[in-house]
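Hello,

Here is the structure I promised to pass on. Have a look at it first, and then read on for my notes.

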Amino acid sequence: MQVPAPFQYEKATSVEHALALLARYGPESRVVAGGHSLLPMMKLRLAQPEALIDINDLTELASISVDGDTLSIGAMVRHTDLLHSAVAGEHFPILRDAERMIADPVVRNRGTVGGSLCQADPSEDLSAAFAALRADLVVQSPHGRRTIGAREFFVGPYETALADGELLVEIRVPIRSHASAYQKVERRAGDWAVAAAGAVLNLVGDTVTEAGIGLAAVGAAGFVAPEAEDFLRGEAATEERLAEAGRIAAEHCNPSADQRGPVDYKRHLAGELTTRALRRAAARARGQEA
């Protein structure tokens, strides 16, 4: 039987209360919302927090709204709410694409956007999607708020730039005239990715003025492929250049062999999925696909 090590349990009633509890219990405390990633790790004793702080009552962090030219997503927004959000889907199809492939309805009904990002699992779909979108993550501590770019938030596998006592409260995505898409290969429906890629393209005519490429499960630093982005910027979005960008993304990622496949297979998938995501984003930008 898999049983977690003993821990204290506290239920926060507000953001300020949660921050006070984090300060009280110190760096060995953990925040829990959906718990689909943390609790299995606790059962295997890969994680042994001394205290769990339940933030499920923090409804002030559970909204999706447009604030000027920015989409605001609360850290406590459930996956299913982001999936079915009309405003998020209208501006950022990549989020809808990714959420459709995250786990299953049970997990999507309880799991939260903020929890997924803070877990920083190397195979996490939303980490790649928000990195491609160049989102900003707003974190709060007793001393105030600060903003961390998504590309700087992910320090390494299961490591983030969150300092002790900080809580992720909001994800902010700038609304621009771009199109986006997400592609994923998994062993079975709802599984972690064997490889996945997200693409964001801003086209003026047929010229790429800005590009974002996110990669999951293939060892891409910060979940992004900056070399492939640089290759695309300022040139026409031809089929040949999209395919070459996929090749560049594959060349610069660093997958590991595991039960989901060998290194060469994952690298091939990284390139192919990047090309497919770019191709679909370009088609959406041209009005050829919803």
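In what order do the 5 strands of the open sheet with antiparallel pairing lie? The order is 4-5-10-6-7. Strands here are DSSP runs of E with at least two residues, helices are runs of H or I with at least four, and both are numbered from the N terminus. Two strands pair if DSSP finds at least two bridges between them.

Before the details, a word on the source: this is a predicted model, in which local features need pLDDT of at least 70 and side-chain atom pairs count only at pLDDT 80 or more, while totals for chains, interfaces and linings use all residues. Residues are numbered from 1 along each chain as its sequence is written, and side-chain values use heavy atoms, with hydrogens and water left out.

Back to the sheet with the order 4-5-10-6-7: its edges are strand 4 (64-67) and strand 7 (144-149), each of which pairs on one side only. Neighbouring strands in this sheet are turned by 25 degrees against each other on average, direction ignored. (Axes are lines fitted to C-alpha atoms, for helices over the stretch in contact, and angles run from 0 to 180 degrees between N-to-C directions.) Strand 4 runs antiparallel to strand 5 (residues 70-74), and 4 bridges join the two. One of the bridge pairs links Asp 67 to Thr 70 in strand 5.

There is also an open sheet of 3 strands, with parallel pairing and the order 1-3-2. Strand 1 (8-11) and strand 2 (29-32) are its edge strands, and the twist averages 25 degrees from one strand to the next. Strand 2 pairs with strand 3 (residues 51-54) over 4 bridges in the parallel sense, and Val 31 has Ile 53 of strand 3 as its bridge partner.

Helix 1 packs on this sheet, where it touches strand 1, strand 2 and strand 3 (contact means heavy atoms within 4.5 Å), and its direction makes about 160 degrees with that of strand 1. Helix 1 (residues 15-25) also lies across strand 6 (136-141) and strand 10 (167-174), at about 125 degrees to strand 10.

A polar atom of the Thr 160 side chain lies 3.2 Å from the backbone nitrogen of Leu 162. Leaving aside neighbours within four places in sequence, Thr 160 is in contact with Leu 117, Cys 118, Ala 120, Phe 153 and Val 155.

Best wishes

Note on methods. Polar contact = N/O pair within 3.5 Å; in protein donor to acceptor, adjacent residues only side chain to side chain.
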